[in-house]
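Biologist: I am new to this structure and would like to learn how to read its features, beginning with the spaces inside it. Could you take me through them step by step?

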Amino acid sequence: MNIHLPEIIIAVCMAAAVSAGSAAPDGEAKLHKYSTTIEKERPQLDEETKRLISACRRDPSETNRAALRKQIAVNYDKVVARKKAKLEELKRTARHASKVQEMQEIVDEMLLNREKRIEQSMRRFTDPRLRPGSRNTDDGYLPVLGAARNVSIARTPVTCEDYSEFVKATGRKPPEEWRNGVMPAGRERHPVVNVSYDDAVAYCTWLSAGDGKAVYRLPTEEEWEYAAGHMPKDADFNCGEKNGTTPVDAYPKTLAACGAIDMWGNCREWTSTPVSLPGNTERGKTVMAVKGGSWKSSRTSCRTEQKGEGRESSAVSDDVGFRIIRVN
C-alpha cells in the first residue's frame, strides 16, 4: 500500500495514545476548570518516531518492528518522567492533598500498565487500516485500530431514538423514566440510560438479526480502550457539571483515537468484560466493566485507563448506557 508520509503522520498523530482527542472549542485548555492537576503539554510524535513508523509500514520485518517498539517505549518513559516531575512539584506546592493523590494515581497506573500501553500504541501504529480518512465515517462506524481487522465501533452511544425502535419492535420493557413506555420529548439524541447489560445484549441480538450480515455486540474493555485512546487534559465533555445527560453530539470536536465522539463523560458505557470490584464486593454477582465516566463523574474518573468500575449485569442506572461494536 503506497501512502504519502505526511498523510500517514497526520493519521498516526490522531490515533496516538498520548495525543488522542481534540482541544476545547474555545481553543484554550480549560484546565483550571476541569482538572486539579495542571498539565499543558500535548506531546507530538518526533521525526524519529515518524521515520520508524514509515519504515515499519513499508517493511514490517522483526527488525523494523523492534526498532519502532523501542522508540515507543522511549517516548512513553519521557511522558512518565514528566508526570513524576509534576507529582514532585505538587508535593511541594499543592494546597490540597487531592491534587497530589490524583497525580499519584496517574503515575502509578502508567507504571503498572507500561507494557500494555506500549503494546497498544504499537498495534495502532502498525494497523493497516491506519490511513487518511480512517477517522471519517459514512455509515456511523469506525475501525478500532489495534483490534481485530473486522471490528468497528459506533461513532456515538446508542441514543434514545435508536432504543425506541428496538422497544417498539420487540416489546421489551423501556427505561423506567419513559412514562407509559414513551420516550421523553427532546431526548431523541441523548444516550439511552437506565438500561441493563442484559438489555444492551438484547439490543445487539435484535440488531444482528435485522442486518443478516454483520454481527453486533458490546465491546470488550480492551476494544473500548483501543477505540478511545488517551483522554487529553483539555478535551471538552459532560462531566461534573450538567445535571443529567446531554445529546451525544454536544461535543463534536472532542474525538477519540478512532474518531468516535462522546466516549468520555455523559454516560458510562457497558462492556462485555467481567470485573472484580475492590474488596470483592460483587460477592458472586455478575459484574461487568463500564468505561468512560459520566455526567456524575469527576474528570479523572472519566480517563480511559480508569479501572475497576463495574455494574451488576441486571442493574440499571441513570448514568449508564452503551455503544456497540460491529463485526463484519
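Biologist: How do the residues of the lining of the largest cavity divide into nonpolar, polar and charged?

Modeller: In general, Ala, Val, Leu, Ile, Met, Phe, Trp, Tyr, Cys and Pro count as nonpolar, Asp, Glu, Lys and Arg as charged, and the others, Gly among them, as polar. Here the lining of the largest cavity has 1 nonpolar, 5 polar and 7 charged residues. The model is a predicted one, in which local features need pLDDT of at least 70 and side-chain atom pairs count only at pLDDT 80 or more, while totals for chains, interfaces and linings use all residues. Residues are numbered from 1 along each chain as its sequence is written, and side-chain values use heavy atoms, with hydrogens and water left out.

Biologist: What is a cavity, and which residues lie nearest the centre of the largest cavity?

Modeller: On a 1 Å grid over the protein atoms alone, a cavity is a set of points where a 1.4 Å probe fits but cannot get out, and lining residues have an atom within 4 Å of a point. A volume is the space filled by probe spheres set on the points, which are joined across faces, edges and corners. The largest cavity holds about 140 Å³ of space, and among its 13 lining residues Arg-117, Gln-120, Glu-225, Thr-304 and Glu-305 lie nearest its centre. Helix α6 (residues 114-125) supplies the largest share of this lining, 4 residues, where helices are DSSP runs (H or I, at least four residues) numbered from the N terminus.

Biologist: How many aromatic pairs does the count come to?

Modeller: Rings of Phe, Tyr and Trp (its six-membered ring) pair if their centres lie within 6.5 Å, with planes under 30 degrees apart counted as stacked, over 60 as edge-to-face and the rest as tilted. The count comes to 11 aromatic pairs. One of them joins Tyr-163 and Trp-178 edge-to-face, at 6.3 Å centre to centre and 85° between the planes. Because Tyr-163 lies in helix α7 (residues 160-170) and Trp-178 in the loop between α7 and α8 (197-211), this pair ties together parts that are 15 residues apart in sequence.

Biologist: Is Tyr-163 buried or exposed?

Modeller: Buried means under 20% relative accessible area, exposed over 50%, and partly exposed in between (1.4 Å probe, protein chains only). Tyr-163, at 0% relative accessibility, counts as buried, and Trp-178, at 3%, counts as buried too. Both belong to one aromatic cluster, whose members also include Phe-166 and Tyr-203.

Terms used:
On a 1 Å grid over the protein atoms alone, a cavity is a set of points where a 1.4 Å probe fits but cannot get out, and a pocket is an open set with protein on both sides within 12 Å along at least five of seven lines; lining residues have an atom within 4 Å of a point. Helices (H or I, at least four residues) and strands (E, at least two) are DSSP runs, numbered from the N terminus.
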